[in-house]
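Hello,

I am handing over the structure we talked about, and my notes follow below it. Please have a look at it first, then read on.

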Amino acid sequence: MDSPSLDLEPDTDLWSAGITSMQVVRVMIAVEEEFDIELPEEALTRETFSSVQAITQAVRGLTAGAPCVTETVA
């Protein structure tokens, strides 16, 4: 990415930290290539890419055969 690196916690909101939609696409492609998976359409949400923790949950869900949809807890 072209911006300076940030120290992020697993639950840091990436959108608030300044991630752009183009950067999310790059992250998505990198995750799919790294883990040899394809994120289903229902996982391509703002919530799935809201934090490193959310992305990790999505990948774990796919690699474990579980549904890959993150939920926002109020």
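Let me start with Val24: apart from neighbours within four places in sequence, Val24 is in contact (heavy atoms within 4.5 Å) with Trp15, Ile19 and Phe49.

A word on the source: this is a predicted model, where local features need pLDDT of at least 70 and side-chain atom pairs count only at pLDDT 80 or more, while totals for chains, interfaces and linings use all residues. Residues are numbered from 1 along each chain as its sequence is written, and side-chain values use heavy atoms, with hydrogens and water left out.

Val24 also belongs to the largest nonpolar core, which has eleven residues, including Ile19, Ile37, Leu39 and Phe49. Such a core is a set of buried Ala, Val, Leu, Ile, Met, Phe, Trp, Tyr and Cys residues joined through side-chain atoms within 4.5 Å; buried means under 20% relative accessible area, exposed over 50%, and partly exposed in between (1.4 Å probe, protein chains only). Helices H1 and H2 (52-63) each supply at least two of the core residues, and H1 gives the largest share, four. Helices here are DSSP runs of H or I with at least four residues, numbered from the N terminus.

Leaving out neighbours within four places in sequence, Glu32 touches Ile37, Glu38 and Leu39. A polar atom of the Glu32 side chain lies 2.9 Å from the backbone nitrogen of Leu39.

Finally, Ile29 is in H1 (residues 21-35) and counts as partly exposed because its relative accessibility is 37%. Ile29 and Leu39 are ten residues apart in sequence, with their C-alpha atoms 9.3 Å apart.

Best wishes

Conventions: Polar contact = N/O pair within 3.5 Å; in protein donor to acceptor, adjacent residues only side chain to side chain.
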